[in-house]
Amino acid sequence: MPASYLFELRFCRWSGTILGNIISVMPERRMKQKIVNSLDAAIADIPDGARIMFGGFGGAGFPNNLIQALSRKGVKNITAISNNCGTREGELGVMFKNGQVKHVICSFPGPHANYFQERFAKGEVTCELVPQGILCERMRTAATGLLGFYTTVGVGTDVAIGKEERVLEGKRCILELPIHADYALIKAQKADELGNLTYRLAARNFNPIMAQAAKFTIVEVEEIVPVGSMSPEDVVTPAIFVHRIMQAKGMRFAG
Amino acid sequence: MTEKPRLTREQIAQRAAQELHDGAYVNLGWGIPNLIADYLPKALTVYFHSENGILGMGRRAKPGEEDFDLVDAMKVPVTLIPGASIFHQADAHLMTRGGHLDIAVLGGFQVSEKGDLANWKIPGSKGSGGIGGAMDIASGSKKLIVCMEHNTKEGAPKIVKACNYPLTGLECVDTIVTDLAVIDVTPEGLVLRETAPGWSPDEVQARSEAKLIVRNHVPEMKLAPNSH
């Protein structure tokens with residue numbers, strides 16, 4: 001009998017008893033670590049200068065309660081990564097109004113991002129515009145541990161300026177690099193106590209991508225349910241990507 | 001300059017709708033393209049894609065039935081048709097960029113004779129501008145149609161030899177539908193396929209900077225009488 005087989009056999013017997021007990025205990029310990037009881041506590045450790053991803057698109061799926069808490073805390077010099085730059089004071093707008101953002105990476109600031117545009121015009125905020133799908137993929141590149149990818153998107157346009165260009169499969173393409181973040185602030189519909197997430201309709205948008213890409217993900221959810229009450233095959237974002245959970249009634253900004 | 005009537009924005013959309021085929025997966029951009037859904041022939045089933053993660057988008061929501069978690073890329077509450085699906089933004093753009101959509105329709109500021117598109121920023125305009133999904137869509141669609149007015153408000157041609165507005169994509173446009181013409185981008189250049197009712201090929205050429213190739217007889221556009 002090969003030694004490795006013996007080891008596996010012994011390991012299995014061991015895991016069937018002791019490890020089995022550990023597994024049944026672990027969820028409770030983990031969930032106690034993840035669920036917080038106030039919005040201010042949810043974002044309390046985010047420091048000045050943090051790089052933060054913010055989910056949301058078209059008024060849906062924005063972590064507005066967490067954004068409001070971040071604005072109350074007065075965190076400064078943020079690099080914000082989000083599809084757009086707020087709707088007047090709503091969504092990320094309040095962060096620009098308060099002058100908390102120094103740099104933004106986005107695809108479409110938006111027609112009602114007046115606080116962003118004012119600061120941008122004065123040079124108080126810098127902005128990197130990224131094609132929307134490339135914004136997704138650069139975040140996913142960070143999530144997967146890859147170091148970059150080549151794409152035909154943006155070749156010959158302003159977004160190609162300063163980027164390595166080469167020809168692959170007969171097509172001109174440019175090198176795009178990952179977008180990393182210290183935190184992702186996201187919105188989901190439901191979390192179990194471990195942090196498995198589901199989303200509602202098109203409020204999903206950027207949220208699952210950012211949850212995977214950032215080092216630390218904080219989610220606001222409408223509802224927290226017990227471990228085991230969510231069907232595993234319905235989980236969109238597995239709990240491994242979620243580090244802190246706060247239940248709060250969703251806020252929406254019109255327009 | 002007094003001129004003959006051109007197509008309205010709605011009529012441009014109506015003509016562009018004829019370019020869609022049954023069963024097609026289609027993305028409609030901002031502006032005129034967004035009107036196309038209203039002019040689909042009744043016999044046609046088309047699966048509308050939205051870059052925020054919807055395939056199988058239906059009509060706009062009526063007052064009272066809006067669900068603000070279900071919006072299109074223009075933030076308008078919409079409905080779903082049976083068989084619709086929801087996914088995240090990266091998968092939505094995997095569809096645009098990866099050549100999975102059959103047809104995409106975008107608005108445009110300029111299209112060049114090689115099919116380059118400029119549609120995201122007017123030179124000298126204030127503010128940051130915004131790209132959104134246009135570059136991904138331009139890069140990957142199997143067929144890209146651009147809907148736009150043939151000329152600017154000042155009368156300058158938007159069908160140009162080379163774009164001098166910030167580019168969205170190189171050699172990406174397949175067909176242009178304007179208020180004066182339907183034009184195909186081919187390896188030989190821009191081919192005038194149809195003109196607006198009452199307009200001759202020469203008159204359309206006079207309002208274009210790029211050379212339009214005229215092959216044989218150029219028919220006038222037919223706008224379906226049952227659409228409005």
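Author: In this predicted model, the part to begin with is helix 3 of chain B, residues 89-97, which is mostly covered, since 7 of its 9 residues are buried. Those buried residues are Gln89(B), Ala90(B), Ala92(B), His93(B), Met95(B), Thr96(B) and Arg97(B). Just after helix 3 of chain B comes Gly99(B), which takes a positive phi of about 75°.

What do the buried residues of helix 3 of chain B pack against? Within chain B, their partners are strand 1 (25-28), strand 2 (47-50), strand 5 (103-107) and helix 4 (134-140), while from chain A they meet helix 6 and helix 7.

Leaving aside residues up to four places away in sequence, Met53(A) touches Ile81(A), Ser82(A), Met139(A), Ala181(A), Ala184(A), Met210(A), Ala213(A) and Ala214(A).

Returning to chain B, its secondary structure comes to 5 helices and 13 strands. An open sheet of 3 strands in chain B has the order 7-6-9, with mixed pairing, and its edge strands, strand 7 (117-118) and strand 9 (159-160) of chain B, each pair on one side only. Strand 6 of chain B, residues 110-112, runs parallel to strand 9 of chain B and is joined to it by 2 bridges. In that pairing, Ser112(B) stands opposite Val160(B) of strand 9 of chain B.

Strand 10 (residues 175-177) and strand 11 (residues 181-186) of chain B run antiparallel and are joined by 3 bridges, with Ile176(B) standing opposite Ile183(B) of strand 11. These two strands of chain B form a hairpin with 3 residues between them. Strand 11 of chain B is also joined to strand 12 (residues 189-195) of chain B, again in an antiparallel arrangement, by 6 bridges. Here Ala181(B) has Thr195(B) in strand 12 of chain B as its bridge partner, and the hairpin formed by strand 11 and strand 12 of chain B has 2 residues between the strands.

As for chain B taken whole, buried residues make up 49% of its 228 residues, and residues 24 or more positions apart account for 65% of the contacts with a separation of 6 or more. The C-alpha atoms of chain B fill a box of roughly 50 × 40 × 30 Å along the principal axes. Because a compact globule with 228 residues would have a radius of gyration near 17 Å, the 17 Å of chain B agrees with that expectation.

Among contacts in chain A between residues at least 6 apart in sequence, 73% join residues at least 24 apart.

Two loop residues of chain A also deserve a mention. Asn77(A), in the loop between helix 3 (64-73) and strand 2 (78-81) of chain A, has a phi near 55°, a positive value in a residue other than glycine. Asn77(A) is partly exposed, because 13 other C-beta atoms lie within 10 Å. Glu91(A), in the loop between strand 2 and helix 4 (93-97) of chain A, likewise has a positive phi, near 50°. Glu91(A) counts as buried, because it has 26 C-beta neighbours inside 10 Å.

Finally, on confidence, chain B averages a pLDDT of 95, and 97% of the residues score at least 70, while the model scores ipTM 0.95 and pTM 0.92.

Key: Residues are numbered from 1 along each chain as its sequence is written. Chains are lettered from A and ligands numbered from 1 in the order in which they are written. This is a predicted model: local features need pLDDT of at least 70, side-chain atom pairs count only at pLDDT 80 or more; totals for chains, interfaces and linings use all residues. Two residues are in contact if their C-beta atoms, placed from the backbone, lie within 7 Å. Helices (H or I, at least four residues) and strands (E, at least two) are DSSP runs, numbered from the N terminus. A residue is buried if 20 or more other C-beta atoms lie within 10 Å of its own, exposed if 12 or fewer, and partly exposed in between; C-beta atoms are placed from the backbone. Two strands pair if DSSP finds at least two bridges between them. pLDDT is the predictor's confidence in each residue, from 0 to 100. The radius of gyration is taken over C-alpha atoms; the globule rule is 2.2 Å times the number of residues to the power 0.38.
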